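Subject: Handover of a structure

Dear colleague,

Please find below the structure that I am passing on to you. My notes on it follow directly after.

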Amino acid sequence: MAEAERIIGTPDTPDDSGEHTAAAGAQQAPAQARVGRGRRIAVLFAVAAFAYALDLISKTLVVAKLEGHEPIKLVGDLLELHAIRNPGAAFGFGGAFTVIFTLIAAAVIVVIIRLARKLYSFPWAVALGLLLGGALGNLTDRVFRAPGVFEGQVVDFIAPKGFAVFNLADSAIVCGGILIVLLSFRGLDPDGTVHKD
């Protein structure tokens with residue numbers, strides 16, 4: 001009987017092996033959490049790098065091939081590619097506040113990188129990656145394009161009829177923002193926990 005209790009273990013009479021197993025389980029949990037977080041951070045930066053690369057490549061092509069030329073019609077009058085330089089925020093708003101938008105974009109990047117340390121949710125990793133990639137794309141324009149550092153004009157080129165001209169960085173920011181709103185409505189936090197209001 002004593003041998004059976006030792007093998008099975010009971011709450012009243014824990015043996016050394018039971019305590020060792022519990023301690024090993026406690027040590028494995030943080031290790032698994034670190035691996036899970038590491039994967040989510042990798043997803044965040046992979047999505048950000050992909051969004052940033054697409055934005056950078058598209059703007060390079062637009063400046064080289066489209067700027068100074070007639071717009072290219074993609075879907076009749078509904079959608080065309082039309083290169084413009086935008087000193088304002090997304091979709092052409094706030095042209096007089098270029099430096100402020102530059103600082104806001106830099107602050108968003110810092111906040112996302114800091115939040116990554118607590119990231120355990122795959123959907124949040126994708127959403128934040130889109131925001132990060134888009135913010136980096138437009139910030140690159142603000143820093144390196146004319147008329148000067150922190151006052152650079154963003155290259156926009158996607159022109160739907162009756163709507164502001166925008167770029168792929170703007171699209172990534174909007175998609176990331178929509179995903180964050182949806183995740184918040186579902187009660188999913190960046191740390192992977194679910195809450196209900």
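Two strands are said to pair if DSSP finds at least two bridges between them. Helices (H or I, at least four residues) and strands (E, at least two) are DSSP runs, numbered from the N terminus. As to sources, this is a predicted model, in which local features need pLDDT of at least 70 and side-chain atom pairs count only at pLDDT 80 or more, while totals for chains, interfaces and linings use all residues. Residues are numbered from 1 along each chain as its sequence is written, and side-chain values use heavy atoms, with hydrogens and water left out.

**The sheet**

The model contains an open sheet of 3 strands in the order β1-β2-β3, with antiparallel pairing. Its edge strands are β1 and β3, each of which pairs on one side only. On average, neighbouring strands of this sheet are turned by 35 degrees against each other, direction ignored; the axes behind such angles are lines fitted to C-alpha atoms, for helices over the stretch in contact, and angles run from 0 to 180 degrees between N-to-C directions.

Strand β1 (residues 72–75) is joined to strand β2 (residues 79–86) by 3 bridges, and valine 75 stands opposite leucine 79 in β2. The hairpin of β1 and β2 has 3 residues between the strands, and glycine 76 takes a positive phi near 55 degrees there. Between β2 and β3 there are 6 bridges, with arginine 85 opposite valine 155 in β3.

**The chain as a whole**

The secondary structure of the protein chain comes to 5 helices and 3 strands, and from the N terminus on the elements run α-α-β-β-α-α-β-α. Of the 197 residues, 31% are buried; buried means under 20% relative accessible area, exposed over 50%, and partly exposed in between (1.4 Å probe, protein chains only). A contact means heavy atoms within 4.5 Å. Among the contacts in the protein chain with a separation of 6 or more, 66% are between residues 24 or more positions apart.

**The annotated aspartates**

Which residues does UniProt list for "active site"? The unreviewed entry names Asp156 and Asp170; UniProt positions are given in the numbering used here, feature names are shortened, and annotations may be inferred rather than shown by experiment. Aspartate 156 is in strand β3 (residues 154–160) and is buried, with a relative accessible area of 0%. Not counting residues up to four places away in sequence, aspartate 156 touches His82, Ala83, Ile84, Asn86, Val165, Phe166, Asn167 and Asp170. Aspartate 170 lies in helix α5 (residues 168–186) and counts as buried at 2% relative accessibility.

**An aromatic pair**

Rings of Phe, Tyr and Trp (its six-membered ring) pair if their centres lie within 6.5 Å; planes under 30 degrees apart count as stacked, over 60 as edge-to-face and the rest as tilted. By this rule the count is 1 aromatic pair. The ring centres of phenylalanine 163 and phenylalanine 166 are 6.2 Å apart and the planes are at 80 degrees, so the pair is edge-to-face. Phenylalanine 166 is buried, at 14% relative accessible area.

**Tyrosine 52**

Tyrosine 52 is in helix α2 (residues 16–66) and counts as partly exposed at 25% relative accessibility. Leaving aside neighbours within four places in sequence, tyrosine 52 is in contact with Gly133, Leu136, Gly137 and Thr140. From C-alpha to C-alpha, tyrosine 52 and alanine 172 are 9.0 Å apart in space, although 120 residues apart in sequence.

With kind regards
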